[in-house]
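The sequence and the structure are shown first.

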Amino acid sequence: MSDSILDIEKPLEKLEGKIAELKKLNADGAIDLTEEIYLLEEKALRLKEEIFRNLTPWEKVLLARHMKRPTALDYIQNIFSDFIELHGDRLFADDPAVVCGFAKLEGRSILVTGHQKGKETKENLRRNFGMASPEGFRKAARLMKLAEKFHLPIISFIDTPGAYPGIGAEERGQFVAIAENLKLMSRLKVPIVVCVIGEGGSGGALGLGVGDRILILEHAVYSVISPEGCASILWRDGKKAPEAASFLHLTAQDLKKLKVVDEVIPEPLGGAHQNPDIVFENVKISLLKNLKEIEAQYSAPSFEESLIEKRYQKFRKIGIVMEIVESNSKKY
Amino acid sequence: MEDLWEKCPQCKEVVYRKALEENLKVCPKCKHHFRLTAAERIALTADEMTFKELDPFLSPGDPLGIGKSYTEKCLEDEKKTGLKEAVLTGTAKIGGVSAVLGVMDFHYRGGSMGSVVGEKITRAIEAAVESQKPVVMITASGGARMQEGTLSLMQMAKTSAAVAKLNEAGLMYLCVLTDPTTAGVAASFASLGDVILAEPRALIGFTGQRVIEETIRQKLPPGFQLSEFFLTHGMIDLIVERRLLKETVARLLQYGKGGLS
């Protein structure tokens with residue numbers, strides 16, 4: 001249990017432990033500690049606000065990877081009803097690092113996909129820590145095509161350190177599997193809402209992450225490379241990951257500024273794991289709102305064409321370049 | 001001395017530079033394919049005097065505000081290579097067929113893809129759709145460019161979406177993977193070709209070998225992630241020696257829309 005508490009959470013953990021102790025004493029009835037408890041609770045709240053208002057990018061990375069952070073299946077089970085998980089890519093295997101299936105969102109049929117991390121070590125090993133193999137991307141591709149066939153919107157939860165780095169994954173074309181998904185998702189004729197709930201790790205994240213709306217939780221991150229990998233390449237020192245985290249502009253807030261994501265979904269104070277019910281509710285509201293907005297923009301019968309053209313333009317615009325036009329330097 | 005001779009990184013033989021150049025920079029002793037510059041690639045691929053550059057005025061900004069450690073390296077590479085970015089795009093004739101040609105250059109920031117590379121490739125593919133031409137893409141890249149963060153990552157989606165449009169227009173897309181083509185570039189526009197060719201012994205793949213070794217804690221087998229490995233595993237169509245590359249590309253283009261019949 002203790003190894004799932006981050007350094008930033010420790011002072012808080014200590015204070016909350018003390019409060020619990022006092023509450024127990026108070027309940028025994030020997031002395032009245034109501035006032036002391038009240039003061040300590042005030043103090044804990046202030047401390048919590050202080051800590052979580054000023055998180056560094058690296059602290060956000062740690063929070064995004066928190067062992068107790070809700071996983072894709074937590075969202076699926078708490079936001080949707082009637083989830084039917086479907087397995088296998090019909091080519092090689094079923095990848096437990098990716099979950100997919102039909103479900104109902106407020107009674108409405110949808111297809112959901114997501115990276116799935118484990119809750120503890122054993123499950124994490126089985127699920128490869130949420131690192132998808134080609135089979136995972138291909139399972140998602142197979143089922144997303146089904147969604148298109150049945151006109152079901154797609155919701156995709158992103159939470160992965162990256163695509164699985166293994167011999168078999170390379171043999172079976174990890175790079176091809178990801179590329180094919182990017183191409184496929186850019187043209188699926190159904191609404192796609194992507195929600196980054198934890199770690200958005202590079203190509204492995206993007207392989208399930210092309211859509212009409214990209215949402216991200218307040219303390220989630222999305223990066224071209226892990227901070228450790230970046231530090232080891234740039235400065236030949238993986239221990240400089242905290243600096244790399246700042247360098248990479250991977251926080252939800254930075255990504256909103258860079259127009260990579262459309263919306264930042266608030267988390268309860270202390271992070272999603274402190275009060276999962278609040279975050280499930282926030283995500284649900286946001287998913288419903290975004291689906292409604294996407295669908296309201298278009299009128300049948302040209303819905304499908306305008307949907308994919310708008311999605312194309314959304315990604316088309318991402319990037320900042322310099323161009324000299326008639327001897328004027330233009331930045332856009 | 002240095003100018004006249006070059007050491008082959010594969011067989012370690014010292015090769016007379018002129019002989020190497022006459023042999024299209026393929027080691028006469030062991031057939032190791034040396035890395036080429038974008039200009040050498042174009043000379044090797046396009047019919048003489050037919051290459052017309054598209055979007056020559058695009059250059060990298062510094063979108064994350066990294067500062068000199070990024071901008072100065074870009075300028076250094078610009079001086080070294082004469083390129084404004086890691087890819088050159090243009091129109092050309094290849095064996096008489098009009099095509100859009102993209103060539104990456106590993107000597108500029110390791111061929112990495114940031115906003116400009118993504119933008120140039122996307123514009124080139126869009127130009128091909130507009131003018132109904134096939135696209136030939138010759139890649140050499142270590143992947144997405146870290147210094148532009150998630151903006152670089154998103155270029156994978158942007159370029160792949162452009163390829164999807166090219167597919168829908170019924171136009172041929174031909175990829176030639178050269179050493180190295182890895183990570184974010186391999187996992188996007190480089191591996192979406194209708195036909196994928198590779199030069200012999202080119203390093204291809206998604207994850208870097210050091211990362212794989214650290215993860216699985218075992219040594220990788222010899223030949224891992226080379227062209228021959230991926231041909232065996234069914235990920236590419238054909239390995240083509242450099243001296244046959246242009247001819248092969250031209251022959252393949254015959255079978256697509258706009259090919260000579």
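A residue is called buried under 20% relative accessible area, exposed over 50% and partly exposed in between (1.4 Å probe, protein chains only). By that rule B:Lys25 is buried, with a relative accessible area of 16%.

The model is predicted: local features need pLDDT of at least 70, side-chain atom pairs count only at pLDDT 80 or more, and totals for chains, interfaces and linings use all residues. Residues are numbered from 1 along each chain as its sequence is written, chains are lettered from A and ligands numbered from 1 in the order in which they are written, and side-chain values use heavy atoms, with hydrogens and water left out.

**Backbone features**

Most residues other than glycine have a negative phi, and most peptide bonds are trans.

| Residue | Phi | Loop of chain B |
|---|---|---|
| B:Asp55 | about 45° | between strand S3 (52–53) and S4 |

A cis peptide bond, with omega about -15°, joins B:Asp179 to B:Pro180. B:Pro180 lies in strand S8 (residues 173–182) of chain B.

**Interface of chain B and chain A**

With contact taken as heavy atoms within 4.5 Å, 61 residues of chain B touch 51 residues of chain A. Buried area is the accessible area (1.4 Å probe) that two parts lose on being put together, summed over both. For chain B and chain A this is about 4,800 Å², with 69% of it on carbon and sulfur atoms. B:Met146, B:Met154 and B:Phe206 supply 15% of the area that chain B buries against chain A, more than any other three residues.

Five salt bridges (a side-chain nitrogen of Lys or Arg within 4 Å of a carboxyl oxygen of Asp or Glu) are counted between chain B and chain A. In one salt bridge, the side chain of B:Glu119 meets that of A:Arg316 at 3.0 Å, N to O. Several elements of chain B each supply at least two residues to the side that touches chain A, among them helix H4 (115–131) and helix H5 (149–168). H5(B) gives the most, with 18 residues.

Two strands pair if DSSP finds at least two bridges between them. Strand S9 (residues 321–325) of chain A pairs with S4(B) in the antiparallel sense over three bridges. B:Pro60 in S4(B) is the bridge partner of A:Val321.

How values were computed:
Helices (H or I, at least four residues) and strands (E, at least two) are DSSP runs, numbered from the N terminus.
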